[in-house]
Amino acid sequence: MIEMIVKDKSKTNGIGAKAESLRLLSDLGIPVPRTYLIDSEDILGEISDEKIEQIIEFFGSQNLIAIRPSSTIFFNELPTFLYLGISENPKNFYIKITGELNYFKSYCSLIKKISVDIFDSDPDIFDDLYYKIITTIDEKKSSHQELVHFKELLAEYKIVFKDMTGEIFPQTLREQLRLVLKFFGKKWVDLIKKLDLNEEKPKMGVLLQEIASSSASNYCRGKLNFIDKYSGKKVISGFIHNGIPHDISENSFERLAKRIDPLVTKSEVSATQNLLNQDQLETLKSFNQILAKELKDTFEIDFAVNGKDLTVLNFRSSEKSVKAVVQLAVDMVSKRFITKREALMKVDPLALTDYLHPQIVETEDLKVISKAVSASPGAATGKIVFNSNLALELTSSGENVILVMTETGPEDVKGMQVSKGVLTVRGGMTSHAALIARGLGIPCVVGAVDLRINLVDKKLYLKSGQTLSEGEEITINGTTGDIIEGECETKAPELTGAFSDLLSWADDNRSLKVRANADTPKDAALAKKFNVDGIGLCRTEHMFFKKERLLIMQEMIFAEDKEQRYSSLDKLLPIQRKDFIQLFEVMSGQPVAIRLLDPPLHEFLPKDTEQLSILAKKIGVEFKYISRRSRELKEVNPMLGHRGVRLGITMPEIYQMQVRAIFEATSHVLKSGTGLVIPEIMFPLVSANKEIELLSKMIREIAEEVYVNHGVEFSYKIGAMIETPRAALRAGEIAESTDFISFGTNDLTQMTYGLSRDDSGKFLNEYINAEVFNEDPFLSLDQVGVGELIRLASARGKKSNKNLSIALCGEHGGDPKSIFYCKMLGLNYVSCSPFRVPIARLAAAQADIMGSSLKEKI
Ligand code: PEP
Ligand code: MG
């Protein structure tokens, strides 16, 4: 009985979400329909006559009743039955409640439901009859005509039932109840048998609810939402059915809303005002407020008007975009329903991705032609171009392009910089294209293995056999990985208002610092907009990719001796110095960690012979020499080869130039009084402490020289990137020679797994599907493997140098779960692409708020 639900809370314990929510509504003073609750124990065998009599006594025999299962587990084989009690007898009473047409509809609906669900009848038999009889009604059907047809349909349905069961359709509430409750009992027993015996036995209750009472003269049912699901603004929407809707069940609302089911008479919410009076609308609003205050959310409320009574049938959290979630959280703080810390916990940091980039406006005619790895979020449309030079050419005349390549390399960065987005056939989350695109903040989809590029006929071949030519328009959705034919409408991000309020609260509540990976002054300016705590990784090689710089770099690589190399580096020095001055000025006193050159030198060279011969002419070197030298630089395993600090040891001149440029820029900024600068110099791909000792000595010498030449005292820090397992294991020793260490988890993951960050995208999905890996380890830190190395290295590092600052600057620095892990290990900061900084700021705050419960979250 309703009294059982409301007053004796223990009776609803463990018998399902629906009963629980009804009890809650009732406890909050929100009226619910008259309800009788049966425990599953009562229906496991044949339901007793005594129980049936109690139910009849509770409702009276002249009411319409709904029977809904309410269980502690989701079990979609238990349907809801509506309109129990409807029959020939007494017809007049039901017609009074529902109206004559609705009487026929409801009756048809109950016969079909019982036949299909309980007697396993084929639904097509009923549907065929329905279409045969009802669809003959013409569009401008008169209500009389409709009535006649439904009457005919009912007669046919009764015949089908009789043919199937040999009996007439049960004519009393008593018989109908017995039939349905017996069915529930049997289903429940079958379910329990199917379950693993080790699992906790689920519980079920059956709710019997009054739909319409004999005293009511009108009945309507509807549902309302109080928030716009996209913007989070307060807007009322929903719909209402006048009279009893046909075949309505919890899941059929959306179907009904689309008006697929022609049996439904539906009024849009604009008409709601006519069906609900202002008082009722206000009452429903106040119910939502009560629920919002109690449950800290906003709800979609199912309600019924039964004569003068307004009751709430059900409620569920309203569907919301991330923008709406943020808006609601901030609104709730202003109403004092929740605290700022609670608001911060309401938003999924990763979902903010949608907020930060242009999004595709979803329409039904989107033509998705393929799907691949979503490597950098946002959506972009442009003409397909298959090489960087064409990208530069077309964009200079104002065209929007999407760079589509098998894979990209450093020489394509300039083309990527001008493209709206990048699509590659190969690659994974940390491939070149993915990293650069995230840094640039442009959408990127990689690992599109279903596509094939034919550079001869300049066509993109799809698996379906369709082709797209260079110059045709394509859209990529870097948030979902969708590749779409043609142009799509997009909407721009808004980073003000509720979004910036929430993030400023995040900053007030976090101890883990968040820096950005920014390679150029332009990137740094972008990072500043996202309120970073500094730059955690400046990949200096990206400074060399502008046209005139790349040529000097190439000249330096092909230098025949040290002298020539120095002469090229002398040309690069003022350029680097200027970059660093600008970088320091943009960051105005915030820390900047600069990584010395990392990639193997062949990455700066053209790939084909034609380009190599053009280069030979440009730098005035014989083609034969250039070709031999470029072959020598090629490595079978470049990622494990002559790169990172190994270049610094074997060709110290490059690092010398970079360090000199950093210190001269520091002196310049200090002299000009623009701000305090303490540069942090980082060595990539360290594997032995000796590498650091040798290069630190070089750094000290250059610092001395710059002091003397510029007459300005400055400080600096030296750090090592921990990217090889050996460096992690020897972190104790490394920490003695460094001020900080920063985990380069892209390489550290690659090296720990022995898994190529550029090529593994091809099969990682299969690995994940086969549950070999839970997720892509380049996306979210592998805490038990790579994470174990980080934990061990941090502890060893701290033990030998208690002032050691510890950071993580791989892509994992923008992944919430990895950030939680960093916080748990006590790292000082994480560093990630500028566009992921807001995600990291929120995740860092959540890590602090979770405190000791953080462990359970990771
Ligand atoms: C890393 O390896 O994690 C890193 C930050 O360096 P990069 O991605 O440039 O190799
Ligand atoms: Mg690295």
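Q: Let's pick M553: does M553 count as buried or exposed?
A: M553 counts as buried, because its relative accessibility is 0%. Do keep in mind that this is a predicted model.

Q: Where does M553 lie?
A: M553 is part of helix α21, which covers residues 547-557.

Q: And which residues is M553 in contact with, leaving aside its neighbours within four places in sequence?
A: The partners of M553 are F544, L572, L597 and F604.

Q: OK, zooming out. How many helices and strands does the chain have?
A: The chain has 35 helices and 30 strands. Its C-alpha atoms fill a box of roughly 110 × 60 × 50 Å along the principal axes.

Q: How many residues are in the chain, and what share of them is buried?
A: There are 858 residues in the chain, and 55% of them are buried.

Q: Take contacts between residues at least 6 apart in sequence: what percentage join residues at least 24 apart?
A: That comes to 68% of those contacts in the chain.

Q: New topic: the metal. Which residues are the protein donors of the magnesium ion?
A: For the magnesium ion (ligand 2), they are E723 through OE and D747 through OD, at 2.0 to 2.1 Å.

Q: Where in the chain do E723 and D747 sit?
A: E723 is in the loop between β27 (717-722) and α28 (725-729), while D747 belongs to helix α30 (residues 745-753). The pair is 24 residues apart and links distant parts of the chain.

Q: Are E723 and D747 buried or exposed?
A: Both E723 and D747 are buried.

Q: Let's talk helix packing. At what angle do α33 and α34 pack?
A: Helix α33 (residues 816-825) and helix α34 (residues 837-850) pack at about 45 degrees, and their axes are 9 Å apart. That angle makes α33 oblique to α34.

Q: Which residues make that contact?
A: On the α33 side they are P816, I819, F820 and K823. From α34 come I839, A840, A843, A844, Q846, A847, D848 and M850. By type, the contact of α33 with α34 has 9 nonpolar residues, 1 polar and 2 charged.

Q: Is the crossing of α33 and α34 left-handed or right-handed?
A: The crossing of α33 and α34 is right-handed.

Q: And α13 with α19, at what angle do they cross?
A: Helix α13 (residues 322-334) and helix α19 (residues 498-508) cross at roughly 65 degrees, with axes that come within 9 Å. That makes α13 roughly perpendicular to α19. The crossing of α13 past α19 is left-handed.

Q: Which residues of α13 and α19 meet there?
A: V326, Q327, V330 and V333 of α13 meet A498, F499, D501, L502 and W505 of α19. This contact of α13 with α19 divides into 7 nonpolar residues, 1 polar and 1 charged.

Q: One more pair: what is the angle between α6 and α7?
A: Helix α6 (residues 100-118) and helix α7 (residues 123-134) pack at about 155 degrees, with axes 9 Å apart. So α6 is roughly antiparallel to α7. I111, K112, S115 and V116 of α6 form the contact with P123, F126 and D127 of α7.

Q: How many residues of α18 are buried?
A: Helix α18 (residues 432-440) is mostly covered, with 8 of its 9 residues buried. Among them are H432, L435 and R438. Just after α18, G441 has a positive phi of about 75 degrees.

Q: Which value of phi does K458 have, though it is not a glycine?
A: K458 has a positive phi of about 55 degrees. Most residues other than glycine have a negative phi. K458 sits in the loop between β17 (452-454) and β18 (459-461), and it counts as partly exposed because its relative accessibility is 36%.

Q: What about L685, where is it found?
A: L685 is in the loop between β26 (680-683) and α27 (689-710). L685 is not a glycine, yet it has a positive phi of about 55 degrees. With a relative accessible area of 0%, L685 is buried.

Note on methods
Residues are numbered from 1 along each chain as its sequence is written. Chains are lettered from A and ligands numbered from 1 in the order in which they are written. This is a predicted model: local features need pLDDT of at least 70, side-chain atom pairs count only at pLDDT 80 or more; totals for chains, interfaces and linings use all residues. Side-chain values use heavy atoms; hydrogens and water are left out. Axes are lines fitted to C-alpha atoms, for helices over the stretch in contact, and angles run from 0 to 180 degrees between N-to-C directions. Helices (H or I, at least four residues) and strands (E, at least two) are DSSP runs, numbered from the N terminus. Angles under 35 degrees count as roughly parallel, over 145 as roughly antiparallel, 65 to 115 as roughly perpendicular and the rest as oblique. A crossing is left-handed if the near helix is turned anticlockwise from the far one by less than a right angle, and right-handed if clockwise. Contact means heavy atoms within 4.5 Å. Ala, Val, Leu, Ile, Met, Phe, Trp, Tyr, Cys and Pro count as nonpolar, Asp, Glu, Lys and Arg as charged, and the others, Gly among them, as polar. Donors are N, O and S atoms within 2.8 Å of the metal (3.2 Å for Na, K and Ca); water is not among the atoms, so sites may look incomplete. Buried means under 20% relative accessible area, exposed over 50%, partly exposed in between (1.4 Å probe, protein chains only).
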